[in-house]
Amino acid sequence: MSNASSIRCLITAGPTREFIDPVRFISNPSTGKMGFALAEAALEAGWTVDLVAGPVALEEPNGAILYPVVTAEEMFHQVDALFDACDVLIMTAAVSDFRPKTQHAQKEKKADATMTVEFEPTTDILKTITERKVHQTVVGFAAETKDLAAYAKEKLKSKNLDWIVANDVSQAGAGFASDTNEVLLIAADGSFLQLGPSDKKDIAVELISLIVPEKP
Ligand code: CTP
């Protein structure tokens, strides 16, 4: 049985922003609520929490070590720097999959704008980081609008995860910006558990109690 105070948990939360020019970016509606609720629940369980957060408007959980980031690349570098020391990685962040190929140094003037933006992929943080997974328990989130379980299982496998929290973001009262959530927790061995509908904090407490990290 692990000593709770020796468990180090790395949590990512919120959206990322990928800039077109200094005043324009692409992002998504993530508010970071699920990740911050998980950070609070992990702290209450006596864990040490490193919280890597994209731009959010939430109060810092008391006791968490906060690492603010903006872009997917910054989030990747911060997770990369903290991963080896953690026992549990929970990636709730809604990382942008694409970024503009060109980021203009100056504001694009309306009259001169080309009206097309070419994108390139960002680093898949989970996929890259789990290549060097040793003892860590890694939990991903899957934001889906259809075929929830099937897509989530594909991600569980392709990203080499121990657990995936499948979230139907098309439902009212679930996913982005909501205070409540309803998720399907799927384990690598194929077992699954429905959590909610309930408060994101209640779901977070339940998730933290279910994640039993392997210690080296
Ligand atoms: N994720 C990541 N790096 C990215 C994109 C996503 O680590 N560049 C993580 C998310 O934090 C989440 C999981 O991968 O834990 C699944 O994210 P999701 O957006 O549901 O899936 P994608 O891999 O982006 O695939 P798709 O957009 O095709 O659904």
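Phe119 is partly exposed, with a relative accessible area of 39%. On this scale buried means under 20% relative accessible area, exposed means over 50%, and partly exposed lies in between (1.4 Å probe, protein chains only). The model is predicted, so local features need pLDDT of at least 70 and side-chain atom pairs count only at pLDDT 80 or more, while totals for chains, interfaces and linings use all residues. Residues are numbered from 1 along each chain as its sequence is written, and side-chain values use heavy atoms, with hydrogens and water left out.

The structure holds two aromatic pairs. Rings of Phe, Tyr and Trp (its six-membered ring) pair if their centres lie within 6.5 Å; planes under 30 degrees apart count as stacked, over 60 as edge-to-face and the rest as tilted. Phe19 is partly exposed at 26% relative accessible area, and Phe25 is partly exposed at 36%.

Phe119 belongs to a tilted pair with Phe98, at 6.5 Å centre to centre and 55 degrees between the planes. Phe98 lies in strand 7 (residues 98–100) and Phe119 in strand 8 (residues 119–121), so the pair ties together parts that are 21 residues apart in sequence. Helices (H or I, at least four residues) and strands (E, at least two) are DSSP runs, numbered from the N terminus. Phe98 is also partly exposed, with a relative accessible area of 48%.

The ligand is surrounded by 15 residues, the closest being Met91, Ala93, Asp97, Lys155 and Lys159; a residue counts if one of its heavy atoms lies within 4 Å. A polar backbone atom of Leu126 is 2.9 Å from an oxygen atom of the ligand. Taken alone, the ligand exposes 580 Å², and the protein buries 77% of that (Shrake-Rupley method, 1.4 Å probe).

In helix 5 (residues 200–210), the residues Lys200, Ile203, Ala204, Leu207 and Ile208 are buried. Why do they lie on the same side of helix 5? They cover an arc of only 135 degrees around the axis, which puts them there; the arc is taken from the directions from the helix axis to the C-beta atoms. An α-helix has 3.6 residues a turn, so residues three or four places apart point the same way. The cover over the buried residues of helix 5 includes helix 1 (33–44), strand 6 (88–91), strand 9 (137–144), strand 10 (163–168), strand 11 (180–187) and strand 12 (192–199), where contact means heavy atoms within 4.5 Å.

Terms used
Polar contact = N/O pair within 3.5 Å; in protein donor to acceptor, adjacent residues only side chain to side chain.
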